[in-house]
Amino acid sequence: MPESIWFYVIFGAIALVLAIIGFAVGQFYRRKSAEASIGSAEAEAKRILGDAIKTAETKKKEMLIEAKDEIFQMRQETDRDLRERRSEVQRQEHRLQQKEESLDKKIENLEIKEEKLQKRAKEIEEKIEESEKIKRSQLEMLERISGFSKEQAKEHLLSVLDGQLAHEKAVKIMDYEQKTKDESDRLAREIIGHAIQRCAADHSSEVTVSVVNLPNDEMKGRIIGREGRNIRALETATGVDLIIDDTPEAITVSSFDPIRREIARLTLEKLILDGRIHPARIEETVAKATAEVEATIKQEGERALIESGVHNLHPELVRLLGKLRYRTSYGQNVLKHSLEVCHIAGLIAAEMGADIGQAKRAGLLHDIGKALDHEQEGSHIQLGVEAAKKYRESEAIIHAIHAHHGEVEAKTVVACIVQAADAISAARPGARRENIENYIKRLEKLEEIANSFGGVERSFAIQAGREIRIVVKPEQVSDDDMVLIAHDIAQRIENELEYPGQIKVNLIRENRVTDYAK
């Protein structure tokens with residue numbers, strides 16, 4: 001066992017010595033090879049440096065040669081440019097010299113002409129002085145012969161000419177005026193004749209009463225009610241006068257306001273069909289009839305637009321047109337009259353070559369204020385103008401409405417056409433009655449006086465203006481106050497209105513108590 005250990009130790013030592021020797025030999029060999037490489041690299045570097053120096057010298061010589069060539073070429077070009085500029089300057093100098101010579105010649109010619117002109121001007125001045133002398137001598141001679149001075153002769157001639165021209169002017173103007181008048185009369189007759197011939201209209205007038213037929217006379221008693229409570233409730237709610245006379249199976253509804261009359265008529269027809277007639281039912285039916293009439297008003301306005309061919313009208317103006325269905329003027333239905341004026345205005349505008357659409361629109365709206373004069377103060381023209389402005393109609397339409405009765409001067413063709421169409425429609429035989437308008441105005445004034453008193457809720461002129469029925473507010477007016485108010489209203493009516501016979505002032509004060517059973 002010890003011999004083997006020694007063997008391994010000796011073997012390791014030998015290996016170690018061999019490794020050290022190998023390392024030393026390797027180091028020596030590497031040093032020698034490195035020295036040889038450095039030597040060869042230095043030689044190569046010297047060679048490369050020498051080649052670079054030679055190359056640089058060669059490039060330097062080439063660049064110097066090129067620079068000399070470029071400088072030579074630039075010098076040649078500069079010399080050429082200088083020669084060209086010298087020649088151009090010489091040409092310019094030569095041209096300027098020629099111009100100076102020509103200017104000198106022109107100046108000499110101008111001086112010669114100026115001398116000639118001065119001589120000519122002196123000659124002209126001398127001749128003018130001579131002519132002035134001759135003129136003065138002639139004027140003096142004429143003044144001596146005529147006995148007039150210069151100013152007097154001028155005034156005399158002007159006065160003579162003025163008289164002659166004024167006479168000729170007057171003759172021409174009269175001639176033109178007569179021709180224009182004859183021609184305009186002929187054209188107007190022709191245009192109006194064509195318009196009337198092409199427009200057909202009903203020859204009918206409206207009345208202020210409506211008749212409601214009853215199924216039997218027993219229904220009359222039910223409408224009157226116990227102690228007349230039903231008929232009083234109906235008259236109070238609608239503002240009309242119900243006339244129940246000896247006419248069998250009929251009740252007459254009387255009111256100057258067609259809308260109230262229509263609401264009362266519809267209410268009676270509905271109550272007769274329903275059969276239940278008492279104050280509460282009457283009020284409910286009046287509300288339904290009022291809603292139906294409002295719907296009819298809207299439909300009538302839309303129908304009028306379709307019939308007339310007018311478009312883009314404000315909805316409120318359409319409603320006002322519909323209200324004209326229940327408005328009369330001297331017995332003539334105002335909506336039919338407005339449609340008739342619309343058609344006639346369109347026909348006249350077509351004959352004259354004017355704006356047809358504008359003429360028809362103005363004709364349709366010319367009496368729109370009559371839908372408001374029951375409710376507001378003022379003439380129907382003022383109310384119509386205000387409504388047209390409010391709903392943004394054009395200035396031409398507003399002016400036509402304002403001028404259609406001559407309140408202002410008609411300044412447009414459309415306004416003149418609407419005036420003529422309105423007169424044609426109103427002048428038809430049977431179209432209007434003369435006294436109905438005054439009658440309606442009197443009834444309106446009667447209601448206006450009653451409504452002006454404090455505590456009055458509503459008022460209705462009935463019995464053809466022989467009675468004014470006034471509903472007062474029970475919380476503001478006592479039973480004692482009613483006597484004083486009735487007396488004051490009667491006094492004002494006597495002072496402000498003219499009427500035949502007498503007018504009955506009837507005040508109504510109603511207290512209601514309502515409770516509900518639950």
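Author: On a 1 Å grid over the protein atoms alone, a pocket is an open set of points where a 1.4 Å probe fits, with protein on both sides within 12 Å along at least five of seven lines; lining residues have an atom within 4 Å of a point. Grid points are joined across faces, edges and corners, and a volume is the space filled by probe spheres set on the points. This is a predicted model, where local features need pLDDT of at least 70, side-chain atom pairs count only at pLDDT 80 or more, and totals for chains, interfaces and linings use all residues. Residues are numbered from 1 along each chain as its sequence is written, and side-chain values use heavy atoms, leaving out hydrogens and water.

Reader: What volume does the second largest pocket have?

Author: The lining has 20 residues, with R232, A233, T236, E510 and R512 nearest the centre. The volume of this second largest pocket is about 480 Å³.

Reader: Which element gives the most to its lining?

Author: Helices (H or I, at least four residues) and strands (E, at least two) are DSSP runs, numbered from the N terminus. Those giving two or more residues are α4, α6, β6, β7 and β8. With six residues, the top contributor is α4.

Reader: How many residues of α4 are buried?

Author: Buried means under 20% relative accessible area (1.4 Å probe, protein chains only). Among the buried ones are A233 and T236, which also lie nearest the pocket centre. Of the 10 residues in α4, the buried number is seven.

Note on methods:
Buried < 20%, exposed > 50% of the residue type's maximum accessible area, 1.4 Å probe, protein only.
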